[in-house]
Amino acid sequence: MSIVMNDIIATMFSKAFMEELLKPQDLYSNRALRTVLTRLAHASIMRLNPASMDRLYELMVMAFKYQLLLCPRPRDLLIISYNHIDAIREFVRDTPSVLNQVDETHRKIIEVYTPLSDGEFQLLRQTLLIFLQDMHVRVSLFLKDKVQNPNGRFALSTTGPVPHGTEVPGLIRMFNSNGKEWKRWEFPTGGSYTSSIRVGSFERFGDRVIRIGTNMYSVTQPEETHTSKNYSQKANSEPNPLAKEELNLLARLLGGMKVQNRNTETGFRVNLFATDQEEEEAGASGGNGDQAFQVINIQATQDVQVNTELARIAGEFTGVPEQTELPEGPSNKGDDLLAMMDDLIEL
């Protein structure tokens, strides 16, 4: 997995790509952003089928939207970005060449965004929220933590520290013409707020204080994270009556079956679904482009079919993979992304 991360990060933080990305330009469309993410995800030997790619994109976008909503001050967008970069730096700490790319990008971001005023950061935050306002994909992690409602909208907390430089709400003060306070009264705020925390470090290295943008699994670690666009869920707690028979049949057949050679694609498959059935349903309803992976069904009532399927599965582990076209080398990935972005802008 470290090789995969190094390849993706090296492509994403290539000098030419980042220089193009940081130029003043119009906001990308949702389709263009989706295309860039797909190319970045496939910059290594990792391959995702269209349905799994959709799930990855939805999870990434909803996580970023939640971070934008929690951002205490507009300028803290930089803190969130620095938390992202700090986490990426840990992934490639043993690869000096890629680590230098990340550090150079961090310096470039400081140079470009630090001079912006608070008003410009507010405009930037508002633009991003408008871009994401119609996305309400449900994420199981957020639903379990009760920070997202069943309709996909986030439930923001009315407790916690206020942004730095602001006072705890609940007090109204009135001043006379001389600037002296002559009356004050309190009002219920409907929340439980505390004093602001100290400002996080905006340097390349330092204590960010704000934890937004760090690993969202560090506190809550569910077994799986799913995204769902519809509101209906299938629930069936009854055990499968054929499960025991299928397992017994599988144990019996594994003894003397013949192994068939089968060519496979160079690389590996990542499935972001809980079951293959969910992946097949998502692929049939939405995904297009790459051919969807086939689903293997083992049926206890069809011995001939089971023999054939089991032999084909074993062939995947012993067959010699055919020579397929590999992704371009690391030196060309950034140029390909730039060319793709130019095409998207022209559309």
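**Whole chain**

Start with everything selected, and keep in mind that this is a predicted model. The protein chain has 12 helices and eight strands. Of its 347 residues, 32% are buried. Colour by atom type on a surface view: the chain exposes about 22,100 Å², and carbon and sulfur atoms supply 53% of that area. Among contacts with a separation of 6 or more, 73% are between residues 24 or more positions apart.

**The largest nonpolar core**

Select Met62, Met135, Val139 and Phe142. These are the residues with the most contacts inside the largest nonpolar core, which has 29 residues. Which helix gives the most to the core? It is helix 4, with eight residues.

Keep phenylalanine 142 and show what surrounds it. Neighbours within four places in sequence aside, its contacts are Met62, Ala63, Tyr66, Val147, Gln148, Phe154 and Met216.

Next, select Ala10, Ile85, Val92 and Phe121. They are included in a second, separate core, made up of 13 residues.

Select strand 4 (171–175) and strand 5 (181–186). The two run antiparallel and are joined by five bridges. For one end of the pairing, pick leucine 171 and glutamate 186, which are bridge partners. Then move to the turn: five residues lie between the strands of this hairpin, and glycine 179 takes a positive phi near 85°.

Stay here and show the side chains of Ile172, Met174, Trp182, Trp185 and Phe187. Together they form a nonpolar patch on the surface with about 470 Å² of accessible area. Strand 4 and strand 5 each supply at least two residues of this patch. Methionine 174, one of the patch residues, sits in strand 4 and is partly exposed, at 32% relative accessibility.

A point of background for the last two stops: most residues other than glycine have a negative phi.

Select lysine 146, in the loop between helix 8 (140–144) and strand 3 (159–161). Lysine 146 is not a glycine, yet its phi is positive, at about 60°.

Finally, select valine 209, in the loop between strand 6 (192–194) and strand 7 (227–228). Valine 209 also has a positive phi without being a glycine, and the value is near 65°.

Methods:
Residues are numbered from 1 along each chain as its sequence is written. This is a predicted model: local features need pLDDT of at least 70, side-chain atom pairs count only at pLDDT 80 or more; totals for chains, interfaces and linings use all residues. Side-chain values use heavy atoms; hydrogens and water are left out. Helices (H or I, at least four residues) and strands (E, at least two) are DSSP runs, numbered from the N terminus. Buried means under 20% relative accessible area, exposed over 50%, partly exposed in between (1.4 Å probe, protein chains only). Contact means heavy atoms within 4.5 Å. Accessible areas come from the Shrake-Rupley method with a 1.4 Å probe; for residues, only the protein chains shown count as cover. Patches are made of residues with over 30% relative accessible area and no salt bridge: like charges are joined within 9 Å, nonpolar side chains (Val, Leu, Ile, Met, Phe, Trp, Tyr) within 5 Å. A salt bridge is a side-chain nitrogen of Lys or Arg within 4 Å of a carboxyl oxygen of Asp or Glu. Two strands pair if DSSP finds at least two bridges between them. A nonpolar core is a set of buried Ala, Val, Leu, Ile, Met, Phe, Trp, Tyr and Cys residues joined through side-chain atoms within 4.5 Å.
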